[in-house]
Amino acid sequence: MKKIYLSIFISFTSLVSFSQGGIIINAGQMVMQPTAHLVITGSGNWTNNGTVTCNTGSWVHMTGNAIQTIQGASTTSFSNIDINNSNSVNVATNVTVNSNLQLTLGYFDLKNSTVTFGNTASVTGVETETKRIRSTDAGGFEGQGTGIITTTRNNPTGNVANLGLDFTPTAALGSTVIIRGHKEQNGTGSYAGNKSVFRYYDIQPTTQSNVTINSFNYFDAELGTQAANEANLEMFQWIQVGAPQWWSPRTTTGASSVTNYVASTTTTNTLLTYKVTLGSNSSPLPINLLSFKAECNNGQNNLLWQTSSEQNNDYFTLEKSINGIDFNVFTQVPSQGNSNTLQNYSAIDYTPFYGTNYYRLKQTDLDGQYTYSNIVSLNCTYNNITEDLLLISPSDGTIEVIVKGYIGNTYNFNITNLLGQIIINKKITLSDYQQKITLSAYNLSKGMYYVIMQTENKNISKPVIIK
């Protein structure tokens with residue numbers, strides 16, 4: 001069903017179909033004049049499969065009491081759009097809003113689409129618990145849709161486009177992309193099961209500068225799993241230090257069921273973005289153990305690990321195994337106890353097993369509770385190999401040689417006389433790091449000879465006397 005006020009002037013060419021399903025533009029063109037007001041009522045949808053020109057000042061009103069959908073194969077660039085639906089207006093395709101997204105009644109559900117605001121566009125009408133922007137999935141579950149509102153502004157500050165994040169940078173940010181999304185964020189590492197509220201913001205500036213968050217607004221319906229922790233809400237920022245990335249807690253004030261906002265600050269980081277969301281200190285988002293790795297170092301194994309946050313941590317225990325099943329303690333390292341900054345730890349295994357070594361890290365709290373890291377493995381035997389040969393006194397017409405080298409490598413062996421003439425040649429592919437081989441000496445006269453092992457980079461020569 002559709003209604004068009006008599007004061008509207010709409011010009012169009014080609015095929016334009018109006019039906020009880022709303023307004024449908026198929027393979028044609030529709031032009032809305034600056035004073036035009038198009039009202040789609042009931043359960044009618046906006047479907048654009050052609051070309052629509054919404055001149056500055058024109059309005060499209062979605063007015064109904066059942067779910068309405070903005071859809072179609074073509075992107076619509078609205079001048080103004082009014083959401084006046086007691087249920088919801090769902091966005092099923094990417095759209096642009098150049099002037100006003102007016103919230104009069106009901107939800108504006110981004111679903112999995114992108115709504116792009118022009119450089120002066122704004123949300124008008126005060127958001128409330130039942131009149132607001134959100135994002136749901138196909139099942140209607142809030143916080144699960146990936147839809148966003150995005151806009152680009154030059155040197156932004158304040159509550160840009162009335163998107164609900166009021167901030168003040170310490171220096172001009174330059175051309176900046178600002179994103180508001182409603183997909184709940186997962187914690188990382190040790191806290192992967194924890195969830196954020198159903199809202200996040202991402203500020204992507206040209207020039208990084210610390211930002212004061214004057215207010216990060218939210219609604220009770222967006223708290224999700226944090227509903228019981230509202231008094232403990234804190235802001236988290238997605239940061240990077242070196243290679244690791246994780247949610248870092250920021251000092252936060254103002255959270256309460258009365259104010260429904262928090263205040264905090266961001267820190268500059270190598271991501272060139274300020275992505276922030278809300279979690280709680282009772283159900284935190286940051287990773288505890290960022291990394292745990294082992295490295296070869298001249299016959300000893302170095303163990304290295306990083307943490308981004310520690311709460312009542314007492315100490316770390318390093319355990320090793322030769323089979324990856326049976327572990328034994330070989331050292332203990334004290335921890336920082338409590339920390340919200342990057343911490344680096346290390347330990348050395350001075351007596352690694354020959355072959356593969358397996359390591360795991362045990363973290364013990366002050367109350368005696370503990371958790372284990374993943375298992376890492378390391379085989380430094382290969383790294384510590386020095387290619388060489390050791391002659392065993394010849395007997396019974398043979399020369400026995402102990403060869404040290406890399407498994408799978410093929411080495412060329414020559415026996416030469418004092419003039420350097422090759423008398424015997426043999427190629428050997430090693431099946432072990434240290435292997436005994438036999439060279440025939442039955443046809444050699446008494447005297448001195450040389451056994452030469454040819455590697456990739458050098459020749460190793462050892463004298464041998466045939467008696």
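Hi everyone. A search of the whole structure turns up 1 cavity of 30 Å³ or more. Please keep in mind throughout that this is a predicted model.

The largest cavity has a volume of about 30 Å³. Which residues line the largest cavity? They are Asn159, Val160, Leu163, Leu165, Phe167, Ile178 and Tyr201. Sorted by class, that lining has 6 nonpolar residues and 1 polar residue, with no charged residues. Asparagine counts as polar under the classes used here, so Asn159 is the polar member of the lining.

Now to the aromatic rings. A pair of rings is described by how far apart the centres are and by the angle between the planes. How many aromatic pairs are there? The count comes to 8. Let me pick out one of them, phenylalanine 330 with tyrosine 359. Their ring centres are 6.0 Å apart and the planes stand at 65°, so this pair is edge-to-face; the cut-off for that label is over 60 degrees. The pair also links distant parts of the chain. Phenylalanine 330 belongs to strand 27, residues 328-334, while tyrosine 359 belongs to strand 29, residues 356-365, and the two are 29 residues apart.

Are these two partners buried or exposed? Phenylalanine 330 has 24% relative accessibility and counts as partly exposed, because buried would require a value under 20%. Tyrosine 359, at 0%, counts as buried.

Elsewhere, ring pairs join Phe292, Trp305, Phe316 and Tyr345 into a cluster.

Arginine 134 lies over the face of tyrosine 107, at 3.8 Å from the ring centre. In another such arrangement, arginine 360 lies over the face of tyrosine 372, with 4.1 Å to the ring centre.

Last stop: serine 321. Where does serine 321 lie? You will find it in strand 26, which covers residues 313-321. With 1% relative accessibility, serine 321 counts as buried. What lies 2.9 Å from a polar atom of its side chain? That is the backbone nitrogen of glycine 324. The backbone nitrogen of isoleucine 325 also has a polar atom of the serine 321 side chain at 3.5 Å.

Definitions and conventions:
Residues numbered from 1 in each chain as written. Predicted model: local features only at pLDDT ≥ 70, side-chain atom pairs only at ≥ 80, totals over all residues. Heavy atoms only, no water. Phe/Tyr/Trp six-rings, centres within 6.5 Å; stacked < 30°, edge-to-face > 60°. Helix = DSSP H or I, 4+ residues; strand = E, 2+ residues; numbered from the N terminus. Buried < 20%, exposed > 50% of the residue type's maximum accessible area, 1.4 Å probe, protein only. Lys NZ or Arg CZ within 6 Å of the ring centre and 35° of its normal. 1 Å grid on protein atoms, 1.4 Å probe; cavity = no way out; pocket = protein on both sides within 12 Å on 5 of 7 lines; lining within 4 Å. Points joined across faces, edges and corners; volume = space filled by probe spheres on them. Polar contact = N/O pair within 3.5 Å; in protein donor to acceptor, adjacent residues only side chain to side chain.
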